[in-house]
Amino acid sequence: MATETATIISYPLVDHIDMSMDEAYRQLQQQGPVKVQMEYGEPAWLVTRYDDCRLVYSDKRFGKAYGVGRETPRRIAIRIADDPNNLAYKDPPDHTRVRRLALAAFSAPQAQRMRGGVQSIVDEALDNFEAAGQPSDWEAHVAWNVPLHVISGVLGVTGEDIPMFRGWVDDMTNPTSTTERKVEVRESLLGYIAGLIAERRER
């Protein structure tokens with residue numbers, strides 16, 4: 001993977017409006033790694049070729065933990081790299097240890113045990129979608145609600161807290177939310193999850 005270029009280009013190259021690949025990215029695949037500058041953070045190397053991507057994901061010189069405490073490249077002002085406990089910034093073997101703990105919640109036997117509950121959630125969502133008449137919003141009734149209730153169940157979020165939980169997620173992912181609001185919501189979400197953990201430890 002050659003990295004001779006000193007030119008820094010603005011990234012993303014284009015505004016994505018569909019699933020097609022813009023010609024600019026195809027040109028980069030011929031060029032190789034380039035240095036880019038996102039809206040926030042330090043400049044970074046952008047890789048677009050298959051072999052380069054494999055190298056970055058497999059070579060320990062490109063560990064995620066290097067981002068902790070750095071001005072990591074990002075599109076939003078909030079920095080999450082200051083928390084070494086964030087799974088997104090862990091490398092093996094620590095990442096493997098935590099991931100192994102989380103996998104228990106998504107094992108095949110556990111998924112089978114959840115099957116009945118998930119089916120009930122899907123049935124209720126489809127019934128509500130049908131009862132709403134036409135036109136009806138598939139995203140609002142099914143595409144958002146089903147995974148929201150399933151993940152809430154895995155995390156232990158109680159039924160009365162699900163609307164609040166969804167509001168936090170909406171605010172965190174809404175591109176129109178202010179940085180201040182996202183910081184506030186993130187702290188509320190982390191505090192809530194910490195409370196769930198404390199409750200489970202107590203029981």
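Modeller: What follows covers the packing of helix H4 against helix H6. The model is predicted, so local features need pLDDT of at least 70 and side-chain atom pairs count only at pLDDT 80 or more, while totals for chains, interfaces and linings use all residues. Residues are numbered from 1 along each chain as its sequence is written, and side-chain values use heavy atoms, with hydrogens and water left out.

H4 spans residues 108–131 and H6 spans residues 145–155; helices here are DSSP runs (H or I) of at least four residues, numbered from the N terminus. The two axes come within 9 Å and cross at roughly 150 degrees. Axes are lines fitted to C-alpha atoms over the stretch in contact, and angles run from 0 to 180 degrees between N-to-C directions. H4 and H6 are therefore roughly antiparallel, a label for angles over 145 degrees. The crossing of H4 past H6 is right-handed (the near helix is turned clockwise from the far one by less than a right angle).

On the H4 side, the contact is made by Met 114, Val 118, Ile 121, Val 122 and Ala 125. Their counterparts in H6 are Val 146, His 149, Val 150 and Val 154, where contact means heavy atoms within 4.5 Å. Eight of these residues are nonpolar, one is polar and none is charged. Nonpolar covers Ala, Val, Leu, Ile, Met, Phe, Trp, Tyr, Cys and Pro; charged covers Asp, Glu, Lys and Arg; the others, Gly among them, are polar.

Note on methods. Helix = DSSP H or I, 4+ residues; strand = E, 2+ residues; numbered from the N terminus. Parallel < 35°, antiparallel > 145°, perpendicular 65-115°, else oblique.
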